[in-house]
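Me: Hi! Could you walk me through this one? I'd like the overall picture, and then the ligand.
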Amino acid sequence: MSEDKLLPLRQQIDAIDAEILALLNRRAQIAQEVGHVKAENNAPVFRPEREAQVLQKVAERNPGPLQGSDVQTIFREVMSACRALEKRVTVAYLGPAGTFSEQAVYQQFGHAVEGLACVSIDEVFRAAEAGTADFGVVPIENSSEGVINRTLDLLLQTTLSISGEVSIPVHHSLMSKAGTMDGVARICAHSQALAQCNAWLNQHYPNIERQAVASNAEAARMASENATVAGIAGEIAAQKYDLQIVSAHIQDDPHNRTRFAVVGRLKNGASGKDQTSLVLSVANKAGAVYKLLAPLAKHGVSMTRFESRPARMGAWEYYFYVDVEGHAGDDKVAKALAELQQNAAFYKLLGSYPRSF
Ligand SMILES: C=C(O[C@@H]1C=C(C(=O)O)C=C[C@H]1O)C(=O)O
C-alpha cells in the first residue's frame, strides 16, 4: 500500500471534516435560537414530531452511498447534541445501566441526555409524573414473550401520555468471567430473558440451575463478582462488567425484539406519520366489541394493534389496548374516536406519536 496515494485522499477528508464541523456548529447556533424562542414561550424543548420529520427527510433525500438507516443514526445524534444546547432532557428507564431499556433511551433521544436508572417500571412512571424526569422509557411488548403486564396496568392509571415508541432487536449472550462454563453452577438472568432463551438453554445446559434476578444487567454484575455464576444479557453488559462471551445470540427467536413506549407530560403535535394508542372497555354483551370498533372502519382508520387484558376488580371484563394509524387531531381519526368514545364504557386516549421506522 502506498502512503503517497493515501495522503491526498486524507487531505480531502480533513478539508471536508472542517466543512462538516462548521456546518454542525451553524446548525447548533440556530437550535440555540430555537431554544430562546421556546424559553420565552415556555414551550417544550423536545419535539418528537419535528425530530421524526427531520429523520424522515434525511432518509428520503439521502443520495448514498451511505445507507439511509446509518444517516438517520448520525442525524439522531446531531439533533440530540443540538437539543442539549437548549436543555439536556432527563429520561428515566428501567435500570441498571446496560439494560435494553437504556439502549431504547439512546435510540429515541440520542446520547446527549441524562439517563435516570430506576429500580422498577413503577418507579419510571413515578419519576416522569413527579417531574424528576422529563420522560420515561418503559418496555411494552416482546415479540417472543408478549406484553409486559405491569406497563399496561400503569398506562391505565397514569396521567402521562405516550409520546413515542421504540423497537429494538434483543439479542442475548451467555457470559462469564472466564468465557467458559467450566465451574459455573448457576445461570442468572431476568425471567423474560430466561424465557426467551429457554429452548437453547435446555439443549446446551440442561443441568445447570437457572435463577431469575431483577435484571440482565444485575445478572452480569453477579457474574463479574462470582466465577460460579454465568449471566445472560446484551453484549453491552459484557463490556460494562468486563465479562467474556461464552455464546452469542442465544435467544430462541433470531428476530426477537422489544417495543418500548416513551411516556411524558408532553402532548405531541402531528408529524404526518403518526399512531394513536387508546384503552377501551365495553359492557359484556354479544356483539359489543364489534360495535365498539365499527367507527374505525366507517371513517377508514386502520387498527394496527388490538390487545386485551383482564380488568381485575373492575366493573368490566376486559380492557382493550388499541393502536390506530394517524394522529388524534387528524380529521377522520378525531371523528372515529368521538363516535368510538360514545360506544365505550371506558375510554382513555394514551397519546399520539410518530410511528417508529
Ligand atoms: C431545534 C429544535 O429543538 C429540538 C431539536 C431539534 C433539532 O435539532 O433538529 C428538533 C426538535 C427539537 O426536539 C426544534 O424544535 O426545531
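Reply: Happy to. Keep in mind that this is a predicted model. Residues 24 or more positions apart make up 74% of the contacts in the protein chain with a separation of 6 or more.

Me: Nice. What does the secondary structure of the protein chain come to?
Reply: The protein chain has 12 helices and 15 strands. Its C-alpha trace spans about 75 × 60 × 35 Å along the principal axes.

Me: And how many of the 357 residues count as buried?
Reply: That would be 39% of them.

Me: OK, which residues have the most contacts inside the largest nonpolar core?
Reply: Those are Val 91, Ala 92, Val 124, Ala 128, Val 137, Val 138 and Val 263, in a core of 52 residues. At least three residues of this core come from each of domain 2 (90–170 + 257–264) and domain 4 (274–354).

Me: What is Val 137 in contact with, leaving aside neighbours within four places in sequence?
Reply: Its partners are Val 91, Tyr 93, Ser 101, Ala 104, Val 105, Gln 108, Phe 260 and Val 262. Apart from this core lies another, of 24 residues, including Met 175 and Ala 219.

Me: Switching to the ligand: which residues are around it?
Reply: Around the ligand are Ala 31, Val 34, Phe 46, Arg 47, Arg 50, Glu 51, Val 54, Met 79, Cys 82, Arg 83 and Glu 86. The elements giving two or more residues to this shell are α1 (3–41), α2 (48–61) and α3 (68–86).

Me: Which element gives the most?
Reply: That's α3, with four residues.

Notes:
Residues numbered from 1 in each chain as written. Predicted model: local features only at pLDDT ≥ 70, side-chain atom pairs only at ≥ 80, totals over all residues. Buried ≥ 20, exposed ≤ 12 C-beta atoms within 10 Å, placed from the backbone. Contact = placed C-beta atoms within 7 Å. Core = buried A, V, L, I, M, F, W, Y, C linked by C-beta atoms within 7 Å. Domains from an automatic or database assignment. Near = placed C-beta within 6 Å.
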